[in-house]
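Keep the viewer open and follow along.

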Amino acid sequence: MSEPLLSARGLAIAFGGVRAADGVDLDVAEGEILAIIGPNGAGKTTFINMTTGYLRPQAGRILFGGEDITGLAPRAIVRRGIARSFQIPQLFAEQTVIENVALKVAARRGFWRAFTPLLDHTTASEAMRLLEQVGLAQLATARATELNEGARKLTDVAMAMALEPRLLLMDEPTSGVASAEKFAVMDTLVGALRARRTTAVFVEHDMEVVERYADRVAVWSQGKILVAGPPREVLADPAVLREVIGVETAHAGA
Amino acid sequence: MLTSTRRHVLSATAALAVPALLPRSAIAQRRPSELKVGISTFLSGPASVFGVPGRNAADLLIEQMNRAGGIGGVPVRSIVIDEAPGVDFLLGECRRLVQNEGVDAMLASISSGSCLAVAPLAEQLRMPTILWDCGTQRIFEEASYRYAVRTQANAVPEIVAPLLYLAKVRPDFRTLAVVNQDYAWGRDSWAIWKAAMDAVKPGVRVVAELFPRFGATDFSTEITRLLALRPDVIFSTSWGGELDTFIRQAAERRLFERSTFVLPLAESSLERVGKTLPEGVIVGARGDHWFLHPTAKDTPLLRDFVQSYRSRFNLYPIYPTFHMAQALFALKAAYEKAIAANGGTWPSREQLMDTLRGLEFDHLTGRMKIREDGQGLEPMLIGMTKHVPEYPFPVIDRMVLFPPELTMNPIGTKGLDWVRLLTPAAVQRAPAEIPYRA
Amino acid sequence: MMPRATIVALLGTVGILAAAALAPWLKFVLTVALAKGLAVMGILLLLRAGQVSFGHALYLSIGAYTVAFLRPAVPDLLVLLPLAAAVALGVGLVIGLFVARYRDIFFGMLNLAFSMVFHSLLEKLYAITKGTDGIRVFRPTVAGFALERLPYEWAVLGLALLLALGLGWLAARFLVSPLGQALVAIKTRETRLEFAGVSARRVLLVAYAASAALGGLAGALLACTTLHVTPHLAYWTQSGELVFIAILGGGGSILGPYLGSVVYELVRVYAAAALPDAWQMVLGAVLLGIILFASRGLWGLYEDLVMRGWRRA
Amino acid sequence: MALLLLLAVLDGLAYAAQVFMVAVGLTLIFGVLRVLNVAHGSFFAIGGYVAASLGAAIAAAGFSSALALPALLLASAIVGALLGPLIERLILARIYDKEQVLQLLVTFALFMILEDVQKLIWGVQPIFQDAPVRSLGQVAVGDIVYTVYQLYLLPGVALAVLVGLMWFLRRTLTGRVIVAVTEDREAATALGIDADRVYLFTFTFGVALAALGGALASPTTSLVPGIGVNMIVLSFAVVATAGLGQIEGAALTALLIGLGRSVAVYFAPEFEVVIPYLIMVAVLLVRPHGLFGRPQLRRV
């Protein structure tokens with residue numbers, strides 16, 4: 001087996017008394033799409049936050065492409081090729097959709113231009129291409145605040161993809177999206193990822209989505225990885241059913 | 001599209017029309033129907049303590065003047081502007097007065113910074129300008145102006161006179177502390193005092209140089225220092241609210257019992273601080289004026305002025321009101337002298353300025369002269385506080401009127417250099433003391 | 001959008017020139033207004049990032065005192081102005097390295113602190129600066145020509161206009177560039193910028209240095225207009241005035257600062273003429289009215305009134 | 001030398017008390033409303049003027065000068081009760097949803113208006129009403145005379161205000177609601193706290209505290225036009241140094257400024273003016289969110 005793209009070893013972090021991560025080991029192979037599932041508050045988002053440099057793990061190491069990126073600043077990690085999207089997308093509210101994406105394109109291609117428009121020909125056409133890939137081309141000139149939740153999620157992902165990351169971390173890409181839309185959103189999204197051969201990790205609560213789109217699933221429970229493997233196997237595991245999905249379904253029903 | 005463009009043009013014209021109505025040039029050799037005088041003074045901020053009494057005096061005197069036929073038969077009208085917002089605003093306002101209101105003369109400014117900025121502008125605009133209250137000696141020492149004169153003395157005599165007085169009444173003092181406001185006047189006046197003191201009374205030790213921030217409201221730390229240091233003399237050229245505060249706080253903590261105070265501007269605070277200011281404090285008035293001036297207090301001119309000023313503003317006049325009077329009296333005297341010399345025709349600006357230079361004129365407390373360089377020469381009234389039953393505040397006793405020859409540097413010299421040439425003998429040349437008379 | 005702004009800018013230019021020709025005293029007031037407009041444009045850059053500097057009078061006074069100190073050695077206006085801007089830029093870079101780490105009240109107050117320290121230096125170093133009396137600036141030459149008062153005044157006004165137009169055009173381009181757009185991003189969600197691999201601190205530093213240079217240039221123009229500089233230029237009320245004008249004009253367009261600045265100076269002049277004892281109250285009431293009833297400033301008001309009419313036409 | 005240091009400390013404490021009284025109201029208002037209130041200086045000045053007028057009225061009516069002290073409190077209550085609700089309801093409440101800079105500028109506009117209002121009501125002549133100081137007499141430390149008012153009363157009142165405020169904020173329901181809003185406005189509103197009432201109350205209280213600062217200063221200093229201007233910058237510096245809305249931070253900052261200033265006056269008078277700013281820069285260099293400020297959680 002070739003060396004994993006991302007490799008976490010012994011990650012630990014606690015908030016107050018809560019151990020969000022307590023010795024987590026997790027590998028992500030180049031090109032795969034990995035889903036992380038687990039009960040609410042288990043520490044899944046914390047994993048993304050640690051990997052992107054927003055939180056510093058109290059113990060353990062994170063290797064990316066063989067390089068130790070533990071505790072680097074978010075900016076430095078982004079430059080190494082890790083991008084993320086957010087559970088609640090907070091777009092740059094005063095700007096249009098295409099400007100939001102173009103900012104990220106510019107961040108990659110050469111940001112320190114002071115007197116040429118952000119939306120110059122190359123930046124604008126690349127941003128537009130990204131929007132086409134996520135199916136938002138017709139909303140390009142809408143203000144970020146005017147979008148519905150699905151479009152906001154997709155914009156957020158398009159922004160992350162604009163950085164042309166080797167690894168994309170997505171925090172609940174379908175939460176808040178109307179259930180009628182969720183497969184359409186995921187189809188576009190995963191299609192775009194596959195087209196770009198981008199490695200991706202996404203945190204998800206919706207088992208249908210996980211089953212349909214993930215290559216592999218890791219179950220996060222009580223600060224540890226309970227089990228990891230192909231969706232069919234993992235989702236059939238009785239321990240997982242009890243620990244995670246049982247809680248999940250009960251929760252969702254409430 | 002067409003309509004909207006027209007609307008643009010219209011609104012632009014409307015914006016232009018307002019100022020366009022205003023300008024008119026006034027270089028009148030003909031006798032004007034009205035003599036417009038622009039006055040810049042502090043109407044806001046802490047220095048309005050002086051600025052507003054100055055403006056009030058102008059209002060009162062101009063009314064009186066107009067009742068008596070104005071200047072050369074022409075009624076006078078004043079336009080007052082506030083110098084508080086700073087030099088850029090003041091210069092804009094001066095231009096407005098000159099180029100738009102068409103004033104015939106300017107009476108400029110209390111702040112020395114304002115005067116230093118206005119005098120060159122007066123030159124450029126050929127605007128007859130009387131510097132009516134600012135004190136810096138730099139103006140006529142560093143440049144010569146055709147269109148600006150000053151109708152009062154300057155910082156040099158204002159500081160030298162109290163020094164000579166102190167050396168005369170307390171020849172034995174050995175230590176001194178200074179508490180001045182931290183701005184140009186505070187620094188300037190201390191530089192003059194120090195240089196003059198080293199010449200007149202060498203060997204005095206300066207035990208503290210305190211320059212509390214301009215606008216300070218609390219001097220308790222400074223007062224503690226002074227109480228501990230026990231200097232023979234405490235010198236302060238502070239003024240306005242800060243001087244009042246300093247006097248009150250010093251009195252409450254019995255600082256006056258330990259040191260002799262020299263307060264060259266305290267005449268303007270006497271009524272406000274009342275008898276909190278003890279007897280025996282050396283005070284000055286920035287010139288030859290006080291509402292109980294020893295030689296002029298029974299003249300009808302001063303008596304009537306004090307009476308009408310009091311009845312209108314409910315306060316005794318203080319030095320800025322006298323300075324304003326000097327400026328207005330000088331203006332009137334110069335116009336009338338120039339008209340007479342002109343055979344009755346109205347003088348040009350240049351004739352007016354030529355007449356002002358070398359002019360001798362009467363004012364509320366006597367007669368004074370404007371020197372050839374534009375600098376006014378007036379005696380300095382210095383004295384000592386005394387409590388009397390007639391007034392609820394201290395009066396000035398043991399007054400000495402220092403003549404300009406003794407305290408003012410001659411034309412062509414710099415004040416700060418000149419005071420270094422003073423000798424101890426200067427103290428002996430001081431005129432005799434005049435006691436307070438009820 | 002852009003061509004309309006250009007039309008308005010050109011109309012404004014013509015208006016200013018016509019007003020200065022018809023009413024000579026306005027020439028001075030308008031030159032001062034344009035100079036301040038330059039500094040306000042710097043404030044606007046920072047406002048885009050949601051940051052308010054309460055100390056930009058520092059750069060105004062640095063520019064002005066640079067002119068005052070260098071005038072004896074460097075006689076020409078066209079050399080003095082870039083020199084002043086360069087000095088302010090240098091100081092802005094150094095202070096910017098420090099203050100760009102801070103946000104909101106801390107950003108504002110640190111700027112205030114630096115300007116107040118400089119203000120007291122100007123007053124304290126009496127031997128060098130002449131304290132509050134200030135320094136007289138002799139009329140500089142313009143491109144080698146020693147001009148008389150009138151042509152000189154026209155030259156400075158013309159230069160101020162050219163600078164306002166040229167730098168306004170540059171600033172407008174800056175605002176739509178990636179850096180300019182990133183400023184807006186700092187205001188809405190700074191950490192997101194970090195997750196794009198862009199240093200928010202460095203973006204802010206660029207804007208800060210630019211605003212410092214604009215402030216210095218404005219101060220130099222003021223010094224060359226008033227021909228007398230005093231420490232009052234560094235006092236915090238001057239900084240407040242710049243922010244005041246920025247809000248009055250409105251942040252929606254690069255023309256806002258100039259519109260605000262011209263209106264501010266004119267309101268002040270007319271208020272002072274009508275009510276010499278209460279002009280502050282008039283200015284305060286105007287600002288209060290603008291914020292309460294037209295919070296996008298005069299430019300916003302203009303857009304609402306005129307542009308809407310335009311669209312209808 | 002020991003005596004000198006003691007004197008420096010006494011002076012510093014007395015000055016710190018004044019600084020604290022000037023800044024505490026602003027700190028409170030800023031903590032809750034997040035409005036940097038430029039008009040604070042006006043409230044300070046008006047408090048002083050009203051106190052002086054009351055004092056003069058008491059003296060004119062021939063009442064005992066012992067009444068002069070409670071008159072100071074009454075003055076601040078009057079100013080707070082009159083101006084606080086008026087300004088909060090009529091002006092500030094309309095702009096809470098706008099950008100912070102607009103809120104700040106509104107108070108700047110208010111400051112300009114009030115500055116001229118003071119001039120119209122009280123004129124430009126310095127006003128001095130020192131009956132409260134005189135009624136308390138003097139006390140000597142070594143051979144240095146202090147006024148009881150300055151040495152005991154001012155620091156005493158400042159301490160009382162500090163302790164009282166801490167008790168109020170920690171132990172009373174209203175106080176804890178205020179703290180909750182200071183710490184997390186959104187969360188507090190989500191919990192169903194009526195933010196409007198909290199704002200109204202806090203602003204009024206803050207205005208009264210500013211007025212109290214002015215009233216307490218009025219017996220020791222001349223009230224002149226522009227007296228509020230100087231207070232504004234000083235209290236801004238205190239708020240930033242202290243950390244957002246931190247009353248204890250304001251007290252500690254005031255203490256630092258007071259002691260720093262008196263040490264400067266004793267040993268390096270040239271630096272006196274810049275002491276508050278040097279302290280602020282130094283503190284923010286080490287603690288970027290102020291002495292007692294906590295970094296607000298960066299939101300992603």
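Start in chain A, in the loop that links helix 5 (149–162) to strand 7 (167–171): that's where A:Glu164 sits. Its phi is positive, about 50 degrees, even though A:Glu164 is not a glycine. Most residues other than glycine have a negative phi.

Chain B has a case of its own. B:Arg254 has a positive phi of about 55 degrees and is not a glycine either. Look for B:Arg254 in the loop between helix 9 (240–252) and strand 9 (260–263) of chain B. B:Arg254 has 15 C-beta neighbours inside 10 Å, so it counts as partly exposed.

**The sheet in chain A**

Back in chain A, four strands make an open sheet: 4 strands in the order 2-1-4-5, with antiparallel pairing. Strand 2 (18–28) and strand 5 (67–68) of chain A stand at the edges with a single partner strand each, so one side of each has no neighbour in the sheet. Helix 1 (residues 44–51) of chain A packs on this sheet and touches strand 1 (6–15), strand 2 and strand 4 of chain A. The direction of helix 1 makes about 65 degrees with that of strand 2 of chain A.

| Strands of chain A | Bridges | Sense | Residue pair |
|---|---|---|---|
| strand 1 and strand 2 | 8 bridges | antiparallel | A:Ser7 and A:Asp27 |
| strand 1 and strand 4 | 5 bridges | antiparallel | A:Arg9 and A:Arg61 |
| strand 4 and strand 5 | 2 bridges | antiparallel | A:Leu63 and A:Asp68 |

Strand 1 and strand 2 of chain A also form a hairpin with 2 residues between the strands, and there A:Gly16 takes a positive phi near 60 degrees.

Chain B has an open sheet with parallel pairing: 5 strands in the order 2-1-3-4-5. Which strands of chain B stand at the edges? Strand 2 (76–82) and strand 5 (148–150) do, each with a single partner strand, so one side of each is left without a neighbour. From one strand to the next, the twist averages 20 degrees. Strand 1 (residues 35–41) and strand 2 of chain B are joined by 7 bridges in the parallel sense. In that part of the sheet, B:Ser40 stands opposite B:Ile81 of strand 2.

**How the chains meet**

Of the 5 pairs of chains in contact, chains B and C share the most contacts. No contact joins chain A and chain B, and their closest C-alpha atoms lie 26 Å apart.

How many residues of chain C are in contact with chain B? There are 36 residues of chain C, in contact with 39 residues of chain B. Several helices of chain C give two or more residues to that side, among them helix 1 (2–22), helix 2 (24–48) and helix 9 (200–226). Helix 2 of chain C gives the most, with 6 residues. The side of chain C that touches chain B divides into 20 nonpolar, 10 polar and 6 charged residues.

**Confidence**

The predictor gives the complex an ipTM of 0.85 and a pTM of 0.88. Chain C averages a pLDDT of 91, and 97% of its residues score at least 70. Within chain C, helix 3 (residues 57–70) has the highest confidence, at 97, and helix 13 the lowest, at a mean of 74. Helix 13 (297–312) of chain C is also one of the elements that give two or more residues to the side touching chain B. Where pLDDT is low, the predicted coordinates should not be read in detail.

Technical notes
Residues numbered from 1 in each chain as written. Chains lettered and ligands numbered in written order. Predicted model: local features only at pLDDT ≥ 70, side-chain atom pairs only at ≥ 80, totals over all residues. Pairing = 2+ DSSP bridges. Contact = placed C-beta atoms within 7 Å. Axes fitted to C-alpha atoms, helices over the stretch in contact; angles between N-to-C directions. Nonpolar A, V, L, I, M, F, W, Y, C, P; charged D, E, K, R; others polar. pLDDT = per-residue confidence, 0-100. Buried ≥ 20, exposed ≤ 12 C-beta atoms within 10 Å, placed from the backbone.
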